[in-house]
Amino acid sequence: LFLHLSSSPEARAGLLPTIITLNDTQISRLGDLAGLQLSHVTELDLTGNSLSSWLEVLDILQAFPALTFLNLAHNQLSGEELVLEKTLTFPLTKLVLNCNPVSWRSVSLLLPLLPHLQELRLSSCSLPDPGPGDQLGHAGLSHLYLSCNPLSSFSLLTTRLLAHLPSLSSLSLAECPNISLLPDPASLPLLPPFLSSLNLSSTGLSSLSELERVSSLPSLSSLRLLGCPLLLTLEDSRAEVIARLPNVLRLNGGDAISLAEREDAERALVRRWM
């Protein structure tokens, strides 16, 4: 394995770069890093390697004490139970675990060690609906990506996970086709109060009555619904959604909804009902 270092003053002084990328290099363990200065490294990308033990992940976090971004996508981290030293904490703010066979339990045990975590990516991890003992609690997490998982119950996800993420502002459930219903009315108040961005693209959402529940989320301003069966049944899907959701300011990632477009959509909806 060869790591190319630039001719910068830091490199001449024997320092590794602050950002290190070691993709697809069959790394399975940390190994001996004695003699290397790592306290300045802030970003580490280990995508596509062979890491399979959470204890190795903890060793990595300890070896890179200033790390704020860690990408472990496409490794082999599983749902093994963790035996952790509760006093350990790390400054990580962004963690990518996409395409690992992790479990809710293993992730929930890891989160207390990452009090500064803001973004967590768990897409394509084969995660099922959370069980009674699966609680993913974190006071500061603001962005959660759960795309491409076999989730089916938004209500269970809300009561067992989202209700314990009070700072969450962005949630992606894109490409979770088994999700066809939004949280039931009893669960809606449990959604994070600052949730402003929701991605439901390519889910099974097909009913306007389900969609209208979104209007009860006071902070929601950005919504994605591309590829949902709901849009295929409407003659003018964009106008229909805009008219029914006065709180949404941006739809499907496009430009901000103008006042004129909203007024036209609302008038068209009234005419259809009349």
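**Briefing: L67 and its protein chain**

Leaving aside residues up to four places away in sequence, L67 touches V41, T42, E43, L44, L61, P91 and L92, where contact means heavy atoms within 4.5 Å. This is a predicted model, in which local features need pLDDT of at least 70 and side-chain atom pairs count only at pLDDT 80 or more, while totals for chains, interfaces and linings use all residues. Residues are numbered from 1 along each chain as its sequence is written, and side-chain values use heavy atoms, with hydrogens and water left out.

**Position of L67**
- L67 lies in the loop that runs between α2 (54–63) and β3 (69–71).
- L67 counts as buried because its relative accessibility is 1%; buried means under 20% relative accessible area, with a 1.4 Å probe and protein chains only.
- Although 25 residues separate L67 from L92 in sequence, their C-alpha atoms are 5.8 Å apart in space.

**The chain as a whole**
- The protein chain contains eight helices and ten strands, which are DSSP runs (helices: H or I, at least four residues; strands: E, at least two) numbered from the N terminus.
- Along the principal axes, the C-alpha atoms of the protein chain fill a box of roughly 75 × 45 × 30 Å.
- Among contacts with a separation of 6 or more in the protein chain, 73% join residues 24 or more positions apart.

**Burial and surface**
- The protein chain has 274 residues, and 47% of them count as buried.
- Its accessible surface comes to about 13,100 Å², and carbon and sulfur atoms account for 54% of that area, as computed by the Shrake-Rupley method with a 1.4 Å probe.

Key
Buried means under 20% relative accessible area, exposed over 50%, partly exposed in between (1.4 Å probe, protein chains only).
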